[in-house]
Number of protein chains: 4
Amino acid sequence: MSRLLVKNGEIITALDRYFSDIYIEDGVIKAIGNALDYKADRVIDARGHYVFPGAVDAHTHLELPFMGEVSTDDFESGTAAGIAGGTTSVIDFVVPAKQQSLIEALNNWKEKSKKAVSDYGYHMAITWYGDQVKKEMAQCVREEGVTSFKAFMAYKGAIMVDDGELMSILKTAKSLGALVSAHCENGEVVALLQDRLASEGKLEPKYHEKSRPSYVEGEATNRFTMLAKAVDVPVYVVHVTCREAVEAISRARAMGLSVYGETCPQYLLLDDSVYEKPDFLGAAYVMSPPIRPRGHADALWGALKAGQLQTVATDHCPFHLKGQKELGRGDFRKIPNGAAGIENRVGLIYTYGVTENRINLNQFVDILCTRPAKLFGMYPRKGAIMVGSDADIVIWDPNTEGVISAKTHHQRNDTSIFEGFKTKGAPTWVVVNGRVQYDQGKLDVQRGAGRFIKRNTPEM
Amino acid sequence: MSRLLVKNGEIITALDRYFSDIYIEDGVIKAIGNALDYKADRVIDARGHYVFPGAVDAHTHLELPFMGEVSTDDFESGTAAGIAGGTTSVIDFVVPAKQQSLIEALNNWKEKSKKAVSDYGYHMAITWYGDQVKKEMAQCVREEGVTSFKAFMAYKGAIMVDDGELMSILKTAKSLGALVSAHCENGEVVALLQDRLASEGKLEPKYHEKSRPSYVEGEATNRFTMLAKAVDVPVYVVHVTCREAVEAISRARAMGLSVYGETCPQYLLLDDSVYEKPDFLGAAYVMSPPIRPRGHADALWGALKAGQLQTVATDHCPFHLKGQKELGRGDFRKIPNGAAGIENRVGLIYTYGVTENRINLNQFVDILCTRPAKLFGMYPRKGAIMVGSDADIVIWDPNTEGVISAKTHHQRNDTSIFEGFKTKGAPTWVVVNGRVQYDQGKLDVQRGAGRFIKRNTPEM
Amino acid sequence: MSRLLVKNGEIITALDRYFSDIYIEDGVIKAIGNALDYKADRVIDARGHYVFPGAVDAHTHLELPFMGEVSTDDFESGTAAGIAGGTTSVIDFVVPAKQQSLIEALNNWKEKSKKAVSDYGYHMAITWYGDQVKKEMAQCVREEGVTSFKAFMAYKGAIMVDDGELMSILKTAKSLGALVSAHCENGEVVALLQDRLASEGKLEPKYHEKSRPSYVEGEATNRFTMLAKAVDVPVYVVHVTCREAVEAISRARAMGLSVYGETCPQYLLLDDSVYEKPDFLGAAYVMSPPIRPRGHADALWGALKAGQLQTVATDHCPFHLKGQKELGRGDFRKIPNGAAGIENRVGLIYTYGVTENRINLNQFVDILCTRPAKLFGMYPRKGAIMVGSDADIVIWDPNTEGVISAKTHHQRNDTSIFEGFKTKGAPTWVVVNGRVQYDQGKLDVQRGAGRFIKRNTPEM
Amino acid sequence: MSRLLVKNGEIITALDRYFSDIYIEDGVIKAIGNALDYKADRVIDARGHYVFPGAVDAHTHLELPFMGEVSTDDFESGTAAGIAGGTTSVIDFVVPAKQQSLIEALNNWKEKSKKAVSDYGYHMAITWYGDQVKKEMAQCVREEGVTSFKAFMAYKGAIMVDDGELMSILKTAKSLGALVSAHCENGEVVALLQDRLASEGKLEPKYHEKSRPSYVEGEATNRFTMLAKAVDVPVYVVHVTCREAVEAISRARAMGLSVYGETCPQYLLLDDSVYEKPDFLGAAYVMSPPIRPRGHADALWGALKAGQLQTVATDHCPFHLKGQKELGRGDFRKIPNGAAGIENRVGLIYTYGVTENRINLNQFVDILCTRPAKLFGMYPRKGAIMVGSDADIVIWDPNTEGVISAKTHHQRNDTSIFEGFKTKGAPTWVVVNGRVQYDQGKLDVQRGAGRFIKRNTPEM
């Protein structure tokens with residue numbers, strides 16, 4: 001029996017803040033109270049620290065084969081980097097090929113995730129539709145604990161589904177009580193604009209954003225929410241980047257719809273001038289949707305504070321500049337899309353959100369920990385500091401300062417899109433399943449210790 | 001040589017109002033001026049009358065085979081009814097079947113329209129896409145004077161095109177300088193809602209609106225304008241009925257796009273309580289998009305006044321209640337969609353628009369006569385009182401009063417959706433191609449006198 | 001020492017739901033846990049019940065002299081009626097006359113509230129501004145525990161402040177960390193419209209809404225939020241009734257402002273057809289802002305669900321139809337404005353919000369209990385089920401059914417604006433400060449037992 | 001008798017374009033037609049030129065005492081500079097001091113304008129309200145031909161009116177059929193922000209925009225339109241600069257209101273980086289409202305194209321950098337507000353509007369010539385190429401190129417806010433009242449030849 005006692009910390013939840021001790025036994029929170037005097041193997045004095053639930057990253061792509069390459073962080077390195085930053089569970093996307101069995105793809109992912117060091121769940125991407133898919137969707141929800149699906153409205157000719165297929169997915173999900181998320185960009189328009197830019201010889205990284213401008217995302221987001229209204233099913237918009245998408249979501253929510261939105265640190269903190277960086281460094285920022293022109297980030301922060309967006313995830317999907325991103329020298333369409341962020345998310349949102357008064361501490365915990373856990377059916381096991389919850393706990397020093405750099409991060413990525421960003425606040429200790437796995441600057445993880453999280457249907 | 005002199009009228013254009021005489025020779029306006037003393041075969045004293053260009057109805061379906069029936073007004077009766085109401089040209093939709101040659105369908109329409117009594121043009125509906133269609137679209141514009149196309153975003157499984165096809169249509173139109181209009185309703189959603197209502201046994205006419213509610217139109221309108229933005233081509237939204245569509249158009253226009261919108265008298269003047277009429281009379285109002293709940297009409301009037309909608313057409317497509325609409329007793333999905341309006345449009349907009357101060361007289365002429373002529377490339381031959389213009393002229397008594405009724409209208413329709421509507425103002429004389437064809441209450445038309453209007457590309 | 005044990009209930013908070021027992025000692029929650037086996041004077045078996053924090057009504061006018069009359073419920077009867085419905089604290093408005101000392105008015109209110117049966121706080125209305133007011137505002141916040149102020153943008157010539165005064169109030173509040181709320185209607189416009197209607201002889205109750213239509217509220221709401229932006233201070237909009245105000249609040253929140261909004265059951269559940277009731281019954285619904293036309297309520301529900309409005313209060317301010325409302329027979333401007341609601345709020349929001357799926361159970365508790373407590377600086381003493389919180393607890397039977405009627409309510413009001421409304425769910429027991437004061441249908445309150453709540457500055 | 005014949009030009013009106021000759025006698029257009037063969041004192045061959053109505057600048061401040069200085073262009077130099085750029089009439093603002101008689105101020109302006117070289121009218125600013133003002137407003141409209149008024153919602157403590165006064169102005173204007181325009185900035189907020197910036201020592205020109213940011217204009221614009229709705233009177237918003245104001249106007253217009261908006265070239269073409277110019281050059285751009293951050297101009301262009309803004313004027317009010325603007329070194333609040341533009345407007349809008357496809361040629365004429373003439377009751381005497389109209393005619397070479405510079409302009413201003421701007425198109429000849437006053441690069445004006453334009457009430 002392992003026993004851990006965290007004393008004197010200020011507990012922050014999505015609703016409350018109060019001083020209390022926490023006693024943990026065998027990976028589960030057993031007691032919360034003042035001056036607890038349980039015996040423990042280890043006692044952490046959290047004085048001067050915030051204590052909040054381990055953050056949930058609901059959007060990762062670990063060891064993902066994509067555009068001819070494989071994302072560099074696998075389930076071991078990715079979840080470890082997460083722990084170093086305060087993230088203690090991830091939900092990764094299983095992406096079946098067209099015509100591939102969902103279950104077959106799921107089994108593939110199960111294999112890959114065996115080496116995870118923190119707990120993990122899966123979303124199932126639905127890249128085609130048919131009777132088999134319908135049946136397997138039910139199996140995912142009812143047997144496998146995979147209770148959320150994702151559709152791609154972009155990537156024409158690859159994993160994009162058309163509106164008819166999307167409607168079928170939404171209907172099936174409704175019958176299962178599952179949540180459907182979508183990558184909202186109009187794939188037809190992206191294809192058109194890519195062709196046009198290519199025909200004009202505009203193939204440097206800086207044209208990536210021009211090939212999928214914000215109205216392309218706004219249109220798809222609007223369409224997705226209206227299809228959801230027709231089917232009467234809750235939906236979740238991943239990686240919202242722009243004012244138009246925020247407005248589409250807000251219009252839908254004003255109609256009383258259960259529409260939820262996620263954004264990511266890169267969209268909150270960067271602008272499209274990054275694509276102008278010399279020496280092909282702009283390629284590091286090539287992801288879809290792209291980084292937007294100045295102004296959009298204000299809309300995203302406003303929406304987070306107002307509650308029109310509910311979560312911040314990472315879309316963690318790193319590729320090296322050397323050897324991978326470089327494949328797109330001469331043609332931005334061939335640059336593997338994606339970047340790293342799992343290690344940086346909590347610190348960035350604390351620094352630029354909380355300390356700059358864009359959101360408060362409760363919102364910070366809600367956005368990073370509690371809401372994703374609720375929306376994806378793993379609350380209060382995850383996302384909560386409650387008796388009975390998994391002992392995934394971040395003990396956060398609000399005053400320490402740092403600078404993000406690829407030289408020092410734990411992510412497997414030769415660049416960082418946040419290189420040079422200053423941070424305020426960082427974990428001193430991170431407890432994962434009752435064990436201190438990040439200890440005053442040192443990672444101490446166990447390959448394969450992470451467990452699969454069988455999720456319930458979402459709580460809206 | 002035929003010579004006509006119209007004296008002492010107050011000429012109303014889209015821009016001006018002034019007193020002047022008009023002299024006409026062989027169907028063309030030859031002089032405009034005060035106290036003209038040309039010799040003429042006939043002199044009309046227009047004292048106390050407004051004199052404005054013959055109205056253009058840019059949206060008719062004459063003798064259209066649709067849903068197993070054929071619309072009751074043919075090119076003779078339809079254009080004659082138009083003249084009785086002040087409309088002197090129409091643009092009718094050629095609707096090829098899927099896989100049918102556009103030119104073959106066009107020839108079919110040429111045959112049908114030989115009996116027209118006023119001038120007419122065609123829009124070409126594009127119900128499928130391929131190399132042949134692309135080639136024939138060019139032929140339409142360059143050889144046939146058919147310079148506008150229409151796509152259907154509804155009618156899944158029939159004439160609906162998907163987004164990829166729609167993009168192709170837009171691109172081809174752009175290369176030709178042609179205008180594309182669209183029927184904006186999301187066909188996938190309509191199909192879903194129809195199925196759901198049917199499965200619930202909800203098949204009376206009153207469920208027609210429930211099967212295609214306003215957000216369905218709003219979504220498609222938004223999508224259409226964003227595709228147009230991507231392709232960078234002007235577009236025209238037919239029969240706008242609701243606030244959501246007005247807002248989508250307004251958003252697009254605020255971005256600087258060349259997006260134009262049309263509405264119809266039925267959407268301005270009726271509300272969905274009509275579907276509750278007893279004795280299956282609600283079926284008379286079954287058209288797509290449907291008549292909306294109260295409130296939407298205010299948005300349409302506001303948009304007309306503000307210039308966010310530019311035209312009012314009719315979507316004239318009558319079916320008898322007896323023998324035709326009745327086919328849908330027991331299933332609203334089988335009620336032939338459509339209603340009559342070509343005779344009533346000018347009077348209704350004058351009465352409820354001008355005399356109730358919702359729009360001014362110049363706007364009235366712009367909306368009904370000049371804008372459709374400009375947008376569809378037949379200005380200033382049509383839609384203008386200018387030297388050189390076709391002598392299509394309405395001489396309007398602003399003070400006469402009337403009541404609309406199926407008993408007295410010239411339209412071939414056993415019901416009128418405007419039954420009992422009071423009107424103020426009516427034509428005393430209507431001159432068509434220089435000949436008085438409506439003369440103080442009496443139609444005097446000539447079968448086959450109408451000529452095809454070879455149109456130019458649109459003027460924005 | 002009084003000891004109470006509530007066993008087996010399902011505790012609902014703004015964030016969580018879980019089964020637990022609650023042990024209470026001397027009016028304070030001492031323990032929350034499973035199978036607690038404290039000795040107690042009384043044990044309630046809450047099986048099958050929801051257990052949530054006593055609701056807070058942040059907007060009441062008890063024993064208020066207004067328009068020549070005095071509202072009929074005093075602090076005793078009003079708070080008692082609240083308890084019967086599940087409301088266990090109120091914040092009442094101290095309304096000084098122009099030029100009156102705030103502290104003098106406060107003392108007056110202290111006198112009146114001595115007879116309260118539940119706890120209460122005060123908002124201070126600021127009806128004029130000057131050095132004395134500025135000084136007394138500081139005294140209110142720093143010494144009196146009155147940490148919120150209210151300004152009236154309506155009631156020209158009476159308690160309305162102009163924009164310069166409003167700016168001064170906002171600036172002083174900012175320096176004190178206090179929250180400012182406003183009654184948002186443009187008083188200049190109301191005065192104009194009242195005069196116009198009067199001059200046209202339109203003085204029946206049904207013209208009340210016409211004298212202050214929704215755009216009047218929308219304008220003032222927009223202005224209030226922009227003044228708040230300039231001063232950089234959080235604000236709270238009381239009794240939001242309409243789409244325009246919701247949109248103004250949403251625009252402000254999208255800019256990242258700390259703008260909060262309250263609505264009331266009457267605006268969520270009634271429409272302006274109530275003003276047409278015969279026998280002057282329409283007068284019962286005369287309040288400001290007025291009940292709106294159909295459609296606005298949908299916007300309010302949507303905003304509550306989306307989090308754009310945060311609270312539901314009552315604006316409880318009853319006047320009898322007989323003898324009071326009747327004074328305005330012949331002139332709606334003389335009808336004392338206001339209605340009762342304190343007893344009905346929780347039940348109505350449960351019935352029409354939760355059971356009709358417009359909001360979920362956590363939102364229900366947040367909107368009625370937790371958010372008002374947080375925004376008005378009395379959380380977690382009020383609005384929470386936490387160890388250390390006041391033992392104000394509602395034990396709610398979700399299945400019982402009822403019908404609202406003036407014949408049976410505890411409010412001192414000869415009419416009910418919710419007469420005949422069906423409800424689902426009601427309190428079986430209501431614990432106030434550790435004592436069961438509503439017990440299976442029977443009120444058991446103690447005159448004067450209510451205590452003043454010295455509030456902290458707001459928590460945003 | 002003076003006779004002028006303009007041959008072979010392409011006439012552009014707000015509605016049409018066609019080739020025609022124009023014959024002018026004694027300052028009035030006598031005939032328009034092809035191959036006119038009147039005898040004339042002078043014949044201009046306008047081949048290759050556009051021929052359009054002399055532009056109307058509805059917003060000038062000539063020889064205005066303001067902030068301790070007097071604007072540098074008087075009625076002679078200002079109207080002359082206008083002619084050099086294609087502007088042939090101005091409407092200047094009479095600005096009475098508080099408590100001053102409107103008629104007294106009007107007489108003062110009559111004196112100043114005697115030296116004008118082109119025709120001119122006046123708007124009357126209403127800076128206070130009372131019985132005398134009410135009476136004099138009537139006198140302005142009924143006797144003086146001054147049919148438009150202006151209120152200032154900014155300049156607290158100086159010429160600002162409060163909402164009560166503004167309502168009175170609107171009501172009186174309504175009774176007279178007059179149009180009311182407003183300078184829409186919230187004066188209370190400006191005062192607050194100026195004080196705050198001053199207290200922080202932020203007094204360089206670059207803080208001017210920070211002292212009156214766009215939301216300040218948005219709020220006042222929204223308020224103005226809602227007061228106008230209540231009074232039911234048409235209104236005109238001068239110098240719209242930002243997205244928020246455009247949105248407020250668009251919301252009002254969507255409600256069917258007669259709300260019109262004007263913008264100016266500086267807001268369409270500059271951004272707030274101008275305030276960062278070295279050597280106090282930023283002061284040249286200090287005007288109110290200020291030049292906005294990037295992005296707002298797109299909203300203005302979109303609104304012009306969509307018809308949500310109707311006119312472009314100049315707010316011409318030049319002060320020299322040397323000796324005048326310099327007074328505000330060390331305190332931006334003391335920089336005389338204003339800049340020159342009357343000479344540049346037509347060329348800038350042609351270049352950046354027409355040749356860059358943001359508006360078409362008809363819109364260009366409408367926005368600069370016809371709409372201001374209509375809205376301010378001088379159409380078709382001004383703003384039209386019609387028989388009977390004043391012969392104010394611009395003969396425009398669309399192909400000539402130029403560069404704007406203070407070194408070469410005719411405006412009395414030691415700087416140009418458009419210094420270095422390239423232009424395409426310029427007048428070759430400008431005819432004013434039938435006389436060629438700008439002749440292939442050379443001004444030939446007559447001091448005092450300009451006549452006062454007695455205006456009618458507006459045409460909406």
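Buried area is the accessible area (1.4 Å probe) that two parts lose on being put together, summed over both. By that definition, chain B and chain A bury about 1900 Å² between them, 67% of it on carbon and sulfur atoms. This is a predicted model, in which local features need pLDDT of at least 70 and side-chain atom pairs count only at pLDDT 80 or more, while totals for chains, interfaces and linings use all residues. Residues are numbered from 1 along each chain as its sequence is written, and side-chain values use heavy atoms, with hydrogens and water left out.

**Where chain B meets chain A**

- Contact means heavy atoms within 4.5 Å, and here it takes 21 residues from chain B and 21 residues from chain A.
- B:Leu192, B:Tyr215 and B:Ala230 supply 28% of the area that chain B buries against chain A, more than any other three residues.
- Two salt bridges cross this interface, a salt bridge being a side-chain nitrogen of Lys or Arg within 4 Å of a carboxyl oxygen of Asp or Glu.
- One salt bridge joins the side chains of A:Arg223 and B:Glu219 (4.0 Å, N to O).
- Helix 7 of chain B gives the most to the side of chain B that touches chain A, with nine residues; helices are DSSP runs (H or I, at least four residues) and strands likewise (E, at least two), numbered from the N terminus.

**How chains C and D are related**

**Two buried residues to look up**

- D:Trp128 lies in the loop between strand 10 (119-125) and helix 3 (131-144) of chain D.
- D:Trp128 counts as buried, at 9% relative accessibility; buried means under 20% relative accessible area, exposed over 50%, partly exposed in between (1.4 Å probe, protein chains only).
- D:Val161 is 33 residues from D:Trp128 in sequence, yet their C-alpha atoms are 6.3 Å apart in space.
- C:Thr263 belongs to strand 14 (residues 259-263) of chain C, and C:Thr263 is buried with a relative accessible area of 0%.

Methods:
Chains lettered and ligands numbered in written order.
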